[in-house]
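This report describes a structure of two chains and is written for a reader who is new to such models. Please keep the sequence and the structure in view while reading.

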Amino acid sequence: MELFKYGIKQAREFIQANNEHFLALQRALVERAGTVDKKVNAYVSFSSSKLPTSLNQLSGGPLHGVPVSLKDNMCTDGWETTCASNILQGFIPPYDATVISKLKDAGAYIFAKCDMDEFAFGSSCETSCYNGRNNRKKKANASATRNPWNVDYIPGGSSGGSAACVAADEAVCSLGSDTGGSIRQPAALCGVVGLKPTYGRVSRYGLVAFGSSLDQIGPFTKTVYDNALLLQVIAGHDPKDSTSAHEPVDDYLATINKGVKDLRIGIPKEYFRFKIREDMPEKELMGNEGLDYDVELRIREAIKVYQNLGAKIVDISLPHTKYAVAVYYIIGTAEASSNLARFDGVQYGLRVYADNLREMYFKTRDEGFGDEAKRRILLGTFVLSSGYYDAYYKKAQKVRTLIKQDFDNAFQQCDVILTPTSPTPAFKIGEKLDDPISMYLSDIFTISANLAGIPALSVPCGFSKNGLPIGMQLMGKYFSEATLFQAAHTFESATDHHTKRPAL
Amino acid sequence: MKFDIEALAQLARIELGHKEKERLSGDLVNILKYVEQIDELKTDAIEPTSHVLAIENVFREDEIREDSVSARKVLDVLPDSSKDGSFFRVPKVIEGIE
């Protein structure tokens, strides 16, 4: 196997404190990025001169010598962090995010920083300022990240670069962030494994905030096993993040081979278009009309795989599913509008000069923010404004309670919930960019997990007729990441979807 | 749904061009129409969720810590600072003082 194809497990076995091997793997990845990133555009910041030249420069640890690529919204000491926004061009953080410190303590190093939707606002990577049409310096030919399986298609988002670099084998693994599906949706669309941990499992310190009650950092990997390895390193309480959980971190690899015979897998009818099982009456079925036929077929096949492996399949209902997107676009934009107030030309990145301070704010924010960022800031400002707060923001918080209760009830009957990750495979570049609601609906199956705070993982489960990857989502109880890895690893071991790689 | 895009832009401190105002107003109207579907639900007796986990305020002593980022390092990355690099520099805030 070529070295650049290695996941974390193989990289670890190969490096084994051998400096020649460490350098050989690094060289292979640098060459690979040089060849494929011209097409994929996953990396916004990559320079081989920034890479360590010897294993001695790294700490020893479980990831000794392993390169990790990072979504460009995680602060990296001395390394520009832009959130793919014009307003953060030139911002060089003076400190490392906690996840970066943890990676470095475990012996890993930063390989490159990845493209994303601007401030993680989007589901296609197209709102990135590295996309020519959004670039303040009018680099019209520049392109945001493309799907490695077919470069006419979007990679998903917002962590599109983090998903694409792993799928294109120009990274061993990467980190992304997920506020409404931003890890799981691109993982599904690019055919890799992506996890959004339980809210509070991974420190948000140094992650540029979008929706503070929703955001989580999580791993993108080539296998479920690798995902467990990487979460093990970045999880845990952090005194620097007051919302990080005191819950002990499980040993994720200890239970990964346990199989699924003792698991009850819930299938929520609201996530499907047709009858889930033959014995169900037609009228019971809430037709989810946005669900692509190929996606539905692959998910049904996955359910069969689990049945054959001995899992108990249970019909469940999550009755408030259809309100999730609406609730999310109130709460998420409200939180975003306050978090983005700090970008005003004074402390970070871009400043557009003006005669007085107030005018400087207005001009900096006008030139610095792209369309989708402005849309969300304005919407968030509106739902929080006097006179509308109760009708929108408070109402949405109440419906959030109902959505959370749906999961509490469902998990009385099952251990894991299985759904499609995204209602469709990757769509074409430009297809949804000017239709915000249709773009928002591509997160319809992933948003609920953020609103409830539960962990959810996307794992490859096949392909569409035109060869684009499809992912299934497994959602679990609070802090049950070990169970998700156990269920996903069992599926992966019984199938070969994860072994397929795009031809680039 | 009626709202004043100009007033919102003022609150959000964003300058918007004329065409931009029109386009964003249109988008906002559509999005608000979509999110208003939550009005179908009766929620009088439901408590709002602002945060999913039971969390408490976290306090610590206000003291200089060894792992703190130095002020120097922060000042170095500002968009603009005074010549000696020890202050944030911004345009004039108070009118009429030379």
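## Surface and charge of chain B

Chain B exposes about 7,300 Å², of which carbon and sulfur atoms supply 52%. Accessible areas of this kind come from the Shrake-Rupley method with a 1.4 Å probe, and for residues only the protein chains shown count as cover.

The side chains of chain B include 14 positive and 22 negative ones, and 7 Å separates the centres of the two sets. In this count Lys and Arg are positive and Asp and Glu are negative, while His and the chain ends are left out. The place of a charge is taken as NZ of Lys, CZ of Arg, CG of Asp or CD of Glu.

## Basis of the model

This is a predicted model, in which local features need pLDDT of at least 70 and side-chain atom pairs count only at pLDDT 80 or more, whereas totals for chains, interfaces and linings use all residues. Residues are numbered from 1 along each chain as its sequence is written, chains are lettered from A and ligands numbered from 1 in the order in which they are written, and side-chain values use heavy atoms, with hydrogens and water left out.

The pLDDT is the predictor's confidence in each residue, from 0 to 100. For chain B its mean is 88, and 95% of the residues of chain B reach 70 or more.

## Fold of chain B

Chain B contains three helices and zero strands. Here helices (H or I, at least four residues) and strands (E, at least two) are DSSP runs, numbered from the N terminus. The radius of gyration of chain B is 23 Å, well over the 13 Å that the globule rule gives for 98 residues, so chain B is more spread out than a compact globule. This radius is taken over C-alpha atoms, and the globule rule is 2.2 Å times the number of residues to the power 0.38.

The C-alpha trace of chain B spans about 60 × 45 × 25 Å along its principal axes. Of the 98 residues in chain B, 32% are buried; buried means under 20% relative accessible area, exposed over 50%, and partly exposed in between (1.4 Å probe, protein chains only). Contact means heavy atoms within 4.5 Å. Among the contacts in chain B with a separation of 6 or more, 16% are between residues 24 or more positions apart.

## Fold of chain A

Chain A has 14 helices and eleven strands. Its radius of gyration is 21 Å, close to the 23 Å that the globule rule gives for 504 residues, so chain A is as compact as a globular protein of that length. Buried residues form 67% of the 504 residues in chain A. Of the contacts in chain A between residues at least 6 apart in sequence, 75% join residues at least 24 apart.

Chain A has 56 positive and 56 negative side chains, with the centres of the two sets 1 Å apart.

## Two residues of chain A

A:Asp77 is found in the loop between strand 2 (67-71) and helix 3 (98-105) of chain A, and it is partly exposed, with a relative accessible area of 35%. Leaving aside neighbours within four places in sequence, the contacts of A:Asp77 include A:Tyr95 and B:Lys73. The C-alpha atoms of A:Asp77 and A:Tyr95 are separated by 4.3 Å, although the two are 18 residues apart along the chain.

A:His498 lies in the segment after helix 14 (481-494) of chain A and counts as buried at 19% relative accessibility.
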